[in-house]
Each structure stands twice: as C-alpha cells, then as structure tokens.
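Let's take a look at the charged side chains in this one. Here is the structure to keep open while you read.

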Amino acid sequence: LTSSNPRQLTFAEVGGACRHIQRKHVAMEGIEEVAQAFVQHYYAAFDGDRTMLPALYSEESMVSFEGTQAQGLEGILEVIGKLQFQEVNRVLTKTDIQPVI
C-alpha cells in the first residue's frame, strides 16, 4: 500500500487489504497505513454515500453506538439507518488498531 507516488485507495483495495489481514498472520509493519486508509474511506462513505458502507462490514463485524450494540451486516445497517443525523463534525486525533488474525 505504499508507493513513491501516493494515491487514494479505493473501497475495494481497502476492503481487500482488511480481509487479507483477517485471514493471515501479517506483521504489524504497514498495518497503521491500512488502518488509516480504512478510516478515511469509512468516513468518506459515512458522510457522503452510506449505501457504500455494507461493503465494509461482514457477518462477524460489530458496532457500538451510544449504548446500542449490533453484530452482523443486517444489525449494523439497522443501527446506521436509525441515526438521527446526516452530518457529523469530527476530529480524529488517534486511531487505535485492533487487527483480527
């Protein structure tokens, strides 16, 4: 995911990289870059076109938001669909990485 000519990664590339990390033991080297790319893509979809979000979740995915918890694509999309807001102001100061190996 690194190159001398940086470019924005596509959702497919980020999703593929995340699935690769989940399936195989991967050295922690480079995992921060994958995490940062995922966060950028996730919030771009969340803020712009939430119909892109299902591609970023699996049946093993979990979400917790203000006391509501859900697991799996259907449950997560239900939580997201019930959100009362469309716009979010956020400042990301740190990304905690929790790889699944």
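Which residue forms a salt bridge with D47? The partner is R90, with the closest N and O atoms 2.8 Å apart. A salt bridge here is a side-chain nitrogen of Lys or Arg within 4 Å of a carboxyl oxygen of Asp or Glu. This pair links distant parts of the chain: D47 sits in helix α2, R90 in the segment after α3 (73–81), and they are 43 residues apart. Helices (H or I, at least four residues) and strands (E, at least two) are DSSP runs, numbered from the N terminus.

A quick word on the model: it is predicted, so local features need pLDDT of at least 70 and side-chain atom pairs count only at pLDDT 80 or more, while totals for chains, interfaces and linings use all residues. Residues are numbered from 1 along each chain as its sequence is written, and side-chain values use heavy atoms, leaving out hydrogens and water.

Searching the whole structure turns up 3 salt bridges:

| Pair | Closest N to O |
|---|---|
| D47 and R90 | 2.8 Å |
| E78 and K82 | 3.1 Å |

As for exposure (buried is under 20% relative accessible area, exposed over 50%, partly exposed in between; 1.4 Å probe, protein chains only), D47 is partly exposed at 38%, and R90 is partly exposed at 28%. E78 is partly exposed at 44%, whereas K82 is exposed at 55%. K94 and D96 are both exposed.

Then there's R50, in the loop between α2 (31–47) and β1 (62–65). R50 is buried but has no salt bridge; D47, the nearest side chain of opposite charge, is 5.7 Å away.

Key: Lys, Arg positive; Asp, Glu negative; His and termini not counted.
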